[in-house]
Amino acid sequence: MQTLKIGTRGSPLALAQAHETRARLMKAHGLPEEAFEVVPISTSGDRIQDRPLSEAGGKGLFTKEIEEALLDGRIDIAVHSSKDMPTVLPDGLELSTFLPREDARDAFIGKTVKRIAELPRGAKVGSSSLRRQALIRRMRPDLDVVMFRGNVQTRLRKLDEGVAEGTILAYAGLKRLGLESVVTDLMPLDVFPPAPGQGAIGIESRIGDRAVEKMLAAIRDAPTGQALACERAFLAALDGSCRTPIAGHATISGQKLSFAGLIISPDGTESHEVKLDGRAADAAEIGAEAARMVRAKAGAKFFEGWA
């Protein structure tokens, strides 16, 4: 392989993640930057800005065109934000590698106040995530939660323009962009649990591509892979998509895995939590079992009408 082609969305954050992947591969294999080509690909999710993703088709809108390029050989690997990845991938592709996970917390960015608790009644808070919207409503049912689409820079600009008085973004993304200074408060994991996969860069590749597999093996982070196996199994068992407010976070300590998951109604009025510990080697089974437990706790009616 003369040049490894790295597919990515074209947003500043997506490019930063692709460049981090390239840098890790360069270091691991002693290769120059010229051995890699970053290939930006426009996705449907980037182009559709006038409505929520839940109405437009869900998470696959951020991956479809990139996966098509991977399948037809235009790129060799695809770099994604793991939380944007559907639980079912196209035939022939796999999420084969995860880089070491960044901080999984969400960050609040206030225009006039530092914390959500300090916002006046009726204040507008912008978010495009159903999970964040529901958690905001659970914390502060008196706030006006408004739709906030666009990349990180677009959302920060909307905040400056007064579209909302605050917004919530993934802390990991802000750190990767060098924008930690805009954060006014970090949301505790137990109060504001993250999306499954949040903070982890995932690399998708073709099943059976041995040359690529050998290259990626050198940068694969095993604990992050175990944590994500658990979280994605939880999501898959609950049929998680952009239409379902679901949170889940697994941590690895040696050979032990601890998982905390939550499902919440879109209006934030009803939620059910689950916690489960076990062996890291059983990550996927723990995630699936946690989903069965929380589904039994919530009851079938809890999920009716979400789609």
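This is a predicted model: local features need pLDDT of at least 70, side-chain atom pairs count only at pLDDT 80 or more; totals for chains, interfaces and linings use all residues.
1. **Leu238 and its contacts.** When neighbours within four places in sequence are left aside, Leu238 is in contact with Ile246, Ile263, Ala291, Val294, Arg295 and Phe303.

2. How far is Val145 from Asp209, in sequence and in space? The two are 64 residues apart in sequence, and their C-alpha atoms are 45 Å apart. Asp209 itself is placed in the loop between β10 (201–206) and α8 (210–217). With a relative accessible area of 19%, Asp209 counts as buried, because the cut-off for that class is under 20%.

3. **Helix α6.** This helix covers residues 152–160, and its buried residues are Val152, Thr154, Arg155, Leu156 and Leu159. The elements against which the buried residues of α6 pack are α1 (12–29), β5 (106–110), α5 (130–139), β8 (166–170) and α7 (171–176). The N-terminal end of α6 is capped by Asn151, which has a side-chain oxygen 3.1 Å from the backbone nitrogen of Gln153. After α6 comes Gly162, with a positive phi near 85°.

4. **Helix α4.** Within residues 64–71, which form helix α4, the buried positions are Glu65, Ile66, Glu67, Ala69 and Leu70.

5. **Thr21 in helix α1.** Thr21 is part of helix α1. Its relative accessible area is 0%, so Thr21 is classed as buried. Not counting residues up to four places away in sequence, Thr21 touches Ile77, Val79, Leu99, Ile201, Ile203 and Ile219.

6. **Gln133 in helix α5.** Is Gln133, which has 7% relative accessibility, buried or exposed? Gln133 counts as buried at that value. This residue is located in helix α5. A polar atom of the Gln133 side chain lies 2.8 Å from the backbone oxygen of Ser127. Apart from neighbours within four places in sequence, the residues in contact with Gln133 are Ser127, Ser128, Val145 and Met147.

7. **Salt bridges across the chain.** Side chains of opposite charge can pair when their charged atoms come close. The structure has 23 salt bridges. One of them joins Arg132 and Asp106, with 2.8 Å between the closest N and O atoms. This pair connects distant parts of the chain, since Arg132 belongs to helix α5 and Asp106 to strand β5, 26 residues apart. Arg132 and Asp106 are both buried.

8. **A partly exposed pair.** Lys124 and Asp144 also form a salt bridge, their closest N and O atoms being 3.6 Å apart. These partners link distant parts of the chain: Lys124 in strand β6 (residues 124–126) and Asp144 in strand β7 (residues 144–146) are separated by 20 residues. Lys124 is partly exposed, at 37% relative accessibility. Asp144 is partly exposed as well, with a relative accessible area of 31%.

9. **A salt-bridge network.** Through salt bridges that share partners, Arg9, Lys83 and Asp84 are joined into one network. Within this group, the side chains of Lys83 and Asp84 meet at 3.7 Å, N to O. Asp84 has a relative accessible area of 15% and is buried, whereas Lys83, at 24%, is partly exposed.

10. **Aromatic rings.** How many aromatic pairs does the structure hold? There is one. A charged side chain also sits by a ring: Lys158 lies over the face of Phe148, 5.6 Å from the ring centre.

Notes
Residues are numbered from 1 along each chain as its sequence is written. Side-chain values use heavy atoms; hydrogens and water are left out. Buried means under 20% relative accessible area, exposed over 50%, partly exposed in between (1.4 Å probe, protein chains only). Helices (H or I, at least four residues) and strands (E, at least two) are DSSP runs, numbered from the N terminus. Contact means heavy atoms within 4.5 Å. A polar contact is a pair of N or O atoms within 3.5 Å; within protein, one must be able to donate a hydrogen and the other to accept it, and residues adjacent in sequence count only if both atoms are side-chain atoms. A salt bridge is a side-chain nitrogen of Lys or Arg within 4 Å of a carboxyl oxygen of Asp or Glu. Rings of Phe, Tyr and Trp (its six-membered ring) pair if their centres lie within 6.5 Å; planes under 30 degrees apart count as stacked, over 60 as edge-to-face and the rest as tilted. A charge sits over a ring if NZ of Lys or CZ of Arg is within 6 Å of the ring centre and within 35 degrees of the ring normal.
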